[in-house]
Amino acid sequence: MFEFAWWWILCILPLPWIIRLLSGRTQSAEVALRVPTLLNNLPETQPSKGSTVWLHLLAAVIWICLVLAAARPQWLGEPVSIPSEGREMMLAVDLSGSMKIEDMLVNGRQVNRLTMIKSVLHDFIKRRVGDRLGLILFADTAYLQAPLTYDRETVATLLDEAVIGLVGEQTAIGDAIGLGVKRFELKTDSNRVLILLTDGQNTAGNISPEQAKELAVDAGVTVYTIGVGADVMTVNSFFGSRQVNPSQELDESMLTDIAKATGGQYFRARDAAELEQIYAMLDQLQPIAGDERKMRPLTALYYYPLALALILSILPVIGLLFSLLWRRLFAMRMSAE
């Protein structure tokens with residue numbers, strides 16, 4: 001929508017004409033702009049009636065452009081929602097070798113644990129409108145794949161591009177929590193939530209889970225831990241099929257302790273349906289930023305009429321210079337003859 005920020009300035013538009021009427025004097029036909037160093041050598045000439053009208057019209061247009069620029073024309077864009085409070089959520093995803101185990105079903109297809117996490121986590125990321133999300137990938141150590149950002153599409157894309165074994169084969173749970181806490185230290189005016197998804201126990205890293213828990217408690221970071229993996233899996237071998245527990249290495253007691261100490265909660269995801277329910281519960285425990293405010297992007301347009309006034313002001317000078325040059329050339333030609 002187009003509007004003038006200082007629309008009342010438009011009231012001075014007729015000011016030059018009012019002054020002229022009140023003065024009761026006729027305007028001189030002389031050109032108002034004088035360049036003494038250039039005009040001294042010119043013969044006295046009386047401007048024609050047509051040139052006088054043209055100069056008056058040019059001056060009127062310049063005045064109108066200056067008044068329009070002073071009134072601050074601007075364009076207001078469509079309203080954009082902005083969150084009323086800062087919500088920040090870091091996602092830490094396990095990429096250790098055990099995530100290759102294909103004990104999950106997605107749309108009737110047997111897939112590994114990471115593929116299931118990606119498929120369900122996408123919907124969760126999409127729902128977090130107005131929240132800043134970040135992504136940590138961990139195995140032998142933890143890496144920040146995406147800093148806290150409102151660009152949820154980029155976070156989802158980086159999650160899609162993650163592959164098992166990218167950062168090793170082991171599981172550094174302590175490093176992942178420690179890195180998340182470090183990133184939250186840069187912000188002090190928001191809630192701090194870390195969602196950790198893993199299928200094993202801490203087997204690597206420079207920080208133990210106990211140390212990471214203390215760091216999270218001191219920094220006020222709420223950690224929600226999710227243990228991923230089925231309880232029963234059928235394995236075919238030379239001696240026939242048998243059922244095994246593919247999640248026997250999952251350290252649920254450690255994950256539960258970390259979650260409770262930081263004010264979070266531990267969840268168990270044995271399949272895609274349970275993981276979807278967990279994300280729905282997280283939406284309730286950490287609701288999406290509400291009470292959004294509206295902001296309309298503003299684009300200033302004053303420089304357009306201001307630039308036009310400047311260009312029109314230069315035109316008489318350019319015309320004068322061309323006239324002087326033409327007269328000089330004509331005089332030189334006449335003297336040569």
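**Local backbone, surface and helix-packing features**

Arginine 72 is found in the loop that links helix H3 (49-70) to strand E2 (73-76). The structure is a predicted model. Most residues other than glycine have a negative phi. In arginine 72, phi is near 55 degrees, a positive value in a residue that is not glycine. With a relative accessible area of 35%, arginine 72 is classed as partly exposed, because this class lies between the limits of 20% for buried and 50% for exposed.

A nonpolar patch on the surface is formed by Trp54, Leu310, Ile314, Leu315, Ile318 and Phe322. Together these residues have about 600 Å² of accessible area. Helix H10 (residues 303-336) supplies the largest share of the nonpolar patch, with five residues. Isoleucine 318 has its place in helix H10. The relative accessible area of isoleucine 318 is 37%, and this residue is therefore partly exposed.

Two packed helices are described by the angle between their axes and the distance between the axes. For helix H4 (residues 113-127) and helix H5 (residues 152-161), the axes come within 10 Å and cross at roughly 170 degrees. H4 is therefore roughly antiparallel to H5, because angles over 145 degrees are assigned to that class. On the H4 side, the contact is made by Lys118, Leu121, His122, Ile125 and Lys126. On the H5 side, Arg152, Val155, Ala156, Leu159 and Asp160 take part in the contact.

Key:
Residues are numbered from 1 along each chain as its sequence is written. This is a predicted model: local features need pLDDT of at least 70, side-chain atom pairs count only at pLDDT 80 or more; totals for chains, interfaces and linings use all residues. Side-chain values use heavy atoms; hydrogens and water are left out. Helices (H or I, at least four residues) and strands (E, at least two) are DSSP runs, numbered from the N terminus. Buried means under 20% relative accessible area, exposed over 50%, partly exposed in between (1.4 Å probe, protein chains only). Patches are made of residues with over 30% relative accessible area and no salt bridge: like charges are joined within 9 Å, nonpolar side chains (Val, Leu, Ile, Met, Phe, Trp, Tyr) within 5 Å. Accessible areas come from the Shrake-Rupley method with a 1.4 Å probe; for residues, only the protein chains shown count as cover. A salt bridge is a side-chain nitrogen of Lys or Arg within 4 Å of a carboxyl oxygen of Asp or Glu. Axes are lines fitted to C-alpha atoms, for helices over the stretch in contact, and angles run from 0 to 180 degrees between N-to-C directions. Angles under 35 degrees count as roughly parallel, over 145 as roughly antiparallel, 65 to 115 as roughly perpendicular and the rest as oblique. Contact means heavy atoms within 4.5 Å.
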